[in-house]
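Please keep the sequence and the model at hand while reading.

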Amino acid sequence: MTKQELARSWEQRKQDVLDRLEKDEDAWVSTASPDGVPTLVPLSFVWDRGTLLMATRRTNPTAVNVTPAGHARIAVGHTRDVVLIEATAEVIEGADLATQSGDAFASKLNWDLRGRQAWVYLRFTPTAVKAWREENELAGRELMADGRWLD
């Protein structure tokens with residue numbers, strides 16, 4: 001992709017975002033502790049019924065941070081083709097995870113942690129999504145606001 005290429009249409013950007021969420025396996029997840037200490041970690045994910053489903057040890061800062069505040073920022077892709085997601089977050093115990101979600105996670109990532117007491121699932125529900133490749137796409141980068149796709 002060169003800077004001279006035309007900006008993608010809104011429809012194409014949305015489709016590219018959905019394709020990336022379906023196919024990619026890893027994302028950067030940013031949270032903050034109640035006193036404002038930031039944490040940035042890579043986590044694997046599955047796009048599950050309009051949410052990103054991830055997992056981490058229950059004692060890791062990311063799981064601890066989402067418990068009181070319930071907010072996170074997630075980046076998928078690289079700096080020349082980024083998807084930036086603001087999301088609400090919830091911690092889900094493996095026993096409480098819907099079978100369909102657990103199966104999707106295990107199938108895509110070849111990792112099933114249901115029944116492992118030290119681990120929890122994190123479900124991130126997007127509230128805002130932005131996507132851009134180069135400067136020429138900055139003006140139309142907002143694709144979702146207030147949890148709804150824009151059009």
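## Terms and overall build

In what follows, two residues touch, or are in contact, when heavy atoms of the one lie within 4.5 Å of heavy atoms of the other. The model is a predicted one, and the values below were computed from it.

The protein contains 3 helices and 9 strands, and along the sequence these elements follow the pattern α-β-β-β-β-α-β-β-α-β-β-β. Taken along the principal axes, the C-alpha atoms fill a box of roughly 50 × 35 × 25 Å. A compact globule with 151 residues would have a radius of gyration near 15 Å, and the protein has 16 Å, which agrees. Of the contacts between residues at least 6 apart in sequence, 65% join residues that are at least 24 apart.

Of the 151 residues, 40% count as buried, and the protein exposes about 8,400 Å², of which carbon and sulfur atoms supply 50%.

In soluble globular proteins, nonpolar side chains tend to be buried together. In this model the largest nonpolar core has 25 residues, and those with the most contacts inside it are Leu 21, Leu 52, Met 54, Ile 74, Ile 85 and Phe 124. Two or more residues of this core come from each of several elements, including helix H1 (10–23), helix H2 (61–69), strand S1 (26–32), strand S4 (51–57), strand S5 (71–78) and strand S6 (81–92). The largest share of this core, 5 residues, is given by strand S7.

Which residues does Leu 21 touch, not counting residues up to four places away in sequence? The partners of Leu 21 are Phe 45, Trp 47, Leu 52, Val 76, Ile 85 and Lys 108.

Leaving aside neighbours within four places in sequence, Lys 14 is in contact with Leu 143 and Trp 149. Lys 14 and Arg 141 are 127 residues apart in sequence, and their C-alpha atoms are 9.9 Å apart in space.

Lys 130, found in strand S7, likewise counts as partly exposed, at 25% relative accessibility. Not counting residues up to four places away in sequence, Lys 130 touches Val 82, Val 83, Leu 84, Arg 141 and Glu 142. Lys 130 and Gly 140 are 10 residues apart along the chain, and 8.5 Å separates their C-alpha atoms.

## A glutamate in a loop

Where is the place of Glu 137, and is this residue buried or exposed? Glu 137 sits in the loop between S7 and S8, and Glu 137 is buried because its relative accessible area is 1%, the limit for buried being under 20%. Once neighbours within four places in sequence are left aside, Glu 137 is in contact with Ala 7, Arg 8, Arg 13, Ala 131 and Trp 132.

Definitions and conventions. Residues are numbered from 1 along each chain as its sequence is written. This is a predicted model: local features need pLDDT of at least 70, side-chain atom pairs count only at pLDDT 80 or more; totals for chains, interfaces and linings use all residues. Side-chain values use heavy atoms; hydrogens and water are left out. A nonpolar core is a set of buried Ala, Val, Leu, Ile, Met, Phe, Trp, Tyr and Cys residues joined through side-chain atoms within 4.5 Å. Buried means under 20% relative accessible area, exposed over 50%, partly exposed in between (1.4 Å probe, protein chains only). Helices (H or I, at least four residues) and strands (E, at least two) are DSSP runs, numbered from the N terminus. The radius of gyration is taken over C-alpha atoms; the globule rule is 2.2 Å times the number of residues to the power 0.38. Accessible areas come from the Shrake-Rupley method with a 1.4 Å probe; for residues, only the protein chains shown count as cover.
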